[in-house]
Structure formats: C-alpha cells, structure tokens
Amino acid sequence: MTEEASGAGTGRGPAASPAVARPSAGLDAATWDRAHDELVAGLRDLIRIRTVNPPGDEIVAARHLESVLADAGIPSTVVEPFPGRGSIVARLRGDGTGGAPLLLLSHLDVVPAPEGGWTHDPFAGDLDDGYVWGRGAVDMKGMVAMEVAVMRLLAAEVRAAGRDPASDPVPGLTRDVIFAATADEEAGGVHGAGWIVQRHPDWLAAAGALNECGGVAVTVAGTRLWPIQVAEKGFAIYDLEVRGRWGHGSMPGDGGPGAGGTVDGEANALLRAGEVARRLAATGAPRLTPVMERFLEGVAAAVPPEIGAGIRRLAGDGPAAEAALAAVCTDAYRRALRSMLRTTFSPDVLQVGTRHNVIPGVAALTVDVRVVPGTTPDDVARELRARIGDDLAAHVTPTLRLWGAPVEAPADGELWDVMASAIRAADPDGVPLPAMATWATDAKHTAKLGIPTYGFSPLLLGPDDQFLTLFHGDDERVSVEALRFGLPVLYDVVRRFCG
Ligand SMILES: [Zn+2]
C-alpha cells in the first residue's frame, strides 16, 4: 500500500525478511523443518506440471496429488468430468462431535505465462535467491502445496497414533478436514468447482472454507496488516452494440461529442463506441460496504495519525480522495483500493471497422463491470444506461452476457475469530483486518452451498516483497521464508477450528 508495501525498486533480490519467529503451533522445530522442505519441494513439483488454462490439463496435477496424498495414507477422489479437466477431493476425519467440516479449497490451473518478461523459466520451479519461481507460485499452487502439507501433517499424527488416516479420526480433531483442488478457476470454474457444487455438493459441504488471496502481510508505514478476504466483488460482462451509419471515409462527420462535435453529426460507430467507452470508464462515486468501512478504519487506526487521516480520506469522492490515494499508495495498490471502494466499468474489447475507406456503421464493445456487494443486475443496468447518457443511449444496445453475484462471508464468528487469533499468535504486532477482493474466485461456487469462504493463504511478506503485481504477472514467485511462516499458521487455524 505504501512505497514500502510493494517496493518501488527492481523487485529482484532477496526480500528483507521481517523479524518474526516461525510459529510453532504446538509442533516441534524438526517437524516444521521437514514439513517446510516437503512444502517447497511440493510447490516446485506443482509448478513443473503445466496446467495453463486453456486448455488446463489439470488432471495431471490431480493425479500427481492423488499419489502424494496416498503416500501419506490419505485416500482421495479424482474426477475428470471434461477431458483433461481434473479435480481432486480428499477428507481426513474428526471424531464427528465438532460440527460441519472445514474445507481447504484451491485451484490447480494457472494463467498463461507470455515469454519476454520472465528471468526464470515459468515452468521450471526454480529455487533461487530465496524464492520459488514460476507460474502459480502465488496464484495459487503455493496454497495448494500448503494445504497438502497440512493434510500430510495431520495424517502423520494419525499414523503416529498407530491408526489409519483412511478411516480413523485425527487425534484431537472434532471436525473433518476436506481438501479440494479444482480445475478451471481461472476461466470461471465451470469445469471444476462449479461442476462439483452442482453434481457432488456433499463432497464440499462445510462450515467454512479457506481459499486463495487473503491472509498475506502488507506493510503500511511500518505496521504489518493482515487483510483476510471475506468478500469479493461480483461481475457483469456486457456486450454493447454501438450503431452508426455506414459511409465513405472521404466524407467524415464532425468528430462526435468527445471531439467537440455532435452525436447526430457523427455517425461513425468507431467514434461513438470510443465515446461510450470513455464515459463508461470514468471513476464513479465511492460506495463503501461495511467490510470496506471496517478495513479502512482498521488501517487508519493501526498507522501513525497523519497517515491514518489520509487513509480516511480515501473513502471520499473527487480530487481529494485521488490525491490521498496517490499519497499513501503505490500504483498497484492505488488501482486495487480504488476498485474496492466502488463499482468499476472497464471497456476491454472493441471490434469495429472493415476497410480503410469505409466509415463503420456498427461496433461491438465489451465491458467488464465489477460490482460491490449489495449490487443487483438491475442496479448495473441502470448505471450503465446513466453513464452512456441520453444522447448516446439511442445508438447503443447493451446485452448482459455473464453475471457473477458478489459474495460476502461474515467478518465475525468462530472461523473469523480463529483466523484472527492464529495471526495474532504468530505475529503479535500484526493487525488482522477483513477485506474485499476485486476479482472473482471459486468462492462464487461455494457460496451457492452457503459455505462462508475466506481468502486466507497466510504468507509473511517483507516490506520489499511484491504481491499484487505478481498475480498473473511476470516473474511470479514466493519466498521460502513467507511459506515457512505461513504453513504453521494454516495448520494452527485447522487445529483450532477443528479441535
Ligand atoms: Zn487464483
């Protein structure tokens, strides 16, 4: 969030590790050393399995994890409902007295890694300079590997008690722990979590789920914040047909309203679509959800008062809020925060034109709308129309192609308390806070089963570590120290919630 948070430097070189001791979560150091080594090796193995979506081919990773879990005595179910699209589900038992299970959720697919910007082979799983490098290191094979590591630790405890993880409860656990790593999250999850939710909801039924993105340390003005993702924005993908009048390129109109001309005088669909895009993309008024109010107030209260005052101004409108954003945030965090505070419209695809001398009579514009919780499809339709404006609306036909409802899990209650306590136990100076993601995850699917789903993949990042820009970015990587801290925290949450 501050300059410190995302590092304005080269982003290379070992991160300065915060001086926080590795949490023990009740296990001895030798156990953690072994588990950590296995975690790092497991992550590198996963990165080497190409699961770029499309086509995905997650079945290879699912089969790999099936054998990793089997080595620990954990039986699993691998499904391949569509060719190559594999997901895996496994379960360790509690004694059944504690209520519904805890779901450890993750996805196996990754986005492509275009060549050019990488200094390491994105699919080699290099361990270099204190980092594991590669596509999926943070999104989200790192968390897959952490969840597998927790399952293996628990299974080892069953075996150490002379019992069988396939059938006997984990000593001390009262709830089941479910592990589910799915296909296709990066393309909406229809072939992964969406399919399981529809066909086998009982596989995932749980009191709560831990998923990607949240629980990652962000340093603001020297204070370590731990935003836990409790909400995520919804999306509405709109296709707009923008109509003009076909004509000869030698006789253009007056430039249109964006260029000092008129709507009627400008029948060029390209210019009209450009003007529609410009109007849609304007930064709208903020709309703070209760989660974001609590987030901003929590940050403001945790940092020095002069910076806190700036944080509180972020919730305002207009130039003062933008100036406050610029003062406290680097670019990546500025864009993220701006989006968390309002519904956004991003015109992302424009298809128009046939020949150099033909004024185009029609254009197709696709807009990615991200809505804050509490927004309905009707709300979006109204705002879209208002942004386009009366003068242009007659020339535009919007069609809603895709709707994903925003989701929100409670920022209180037992699981929330457990996550916050585990963070505080591991990092007494750290401040856990509820936060909202701007993107969509498989939580959209688990929400349909009423499972409160949290972004909680604990990583201790240093002030110079980058995080947000690594998602889908070049040189995606995660530091081994971040993992070394995160694994015991994740284990601790499982033990506390299921114990
Ligand atoms: Zn992801």
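Two strands pair if DSSP finds at least two bridges between them. By that rule β7 and β18 (residues 453-455) pair here, running parallel with three bridges. This is a predicted model, where local features need pLDDT of at least 70, side-chain atom pairs count only at pLDDT 80 or more, and totals for chains, interfaces and linings use all residues. Numbering starts from 1 along each chain as its sequence is written, and side-chain values use heavy atoms, with hydrogens and water left out. Helices (H or I, at least four residues) and strands (E, at least two) are DSSP runs, numbered from the N terminus.

**Around β7**

**The four-stranded sheet**

- An open antiparallel sheet runs in the order β12-β14-β10-β15.
- β12 (344-352) and β15 (396-404) are the edge strands with a single partner strand each, so one side of each has no neighbour in the sheet.
- On average, neighbouring strands are turned by 20° against each other, direction ignored.
- β10 (residues 234-243) pairs with β15 in the antiparallel sense over eight bridges, and Leu-240 stands opposite Pro-398 in β15.
- Helix α12 (residues 377-388) packs on this sheet and touches β10, β12, β14 (362-371) and β15, its direction making about 40° with that of β10.

**α3 against α4**

- α3 (residues 58-71) and α4 (residues 141-160) pack at about 25° with axes 10 Å apart (axes are lines fitted to C-alpha atoms, for helices over the stretch in contact, and angles run from 0 to 180 degrees between N-to-C directions).
- That makes the two helices roughly parallel, a label for angles under 35 degrees.
- Leu-65, Val-68 and Leu-69 of α3 meet Val-144, Val-148, Met-151 and Arg-152 of α4, where contact means heavy atoms within 4.5 Å.
- The residues of this contact divide into six nonpolar, no polar and one charged.

**His-191**

- His-191 lies in the loop between β6 (177-182) and α5 (193-199), and is partly exposed at 25% relative accessible area.
- Beyond neighbours within four places in sequence, His-191 contacts Pro-81, Phe-82, Arg-85, Ala-183 and Asp-184.
- Gly-86 is 105 residues from His-191 in sequence, yet their C-alpha atoms are 8.4 Å apart.

Key. Angles under 35 degrees count as roughly parallel, over 145 as roughly antiparallel, 65 to 115 as roughly perpendicular and the rest as oblique. Ala, Val, Leu, Ile, Met, Phe, Trp, Tyr, Cys and Pro count as nonpolar, Asp, Glu, Lys and Arg as charged, and the others, Gly among them, as polar. Buried means under 20% relative accessible area, exposed over 50%, partly exposed in between (1.4 Å probe, protein chains only).
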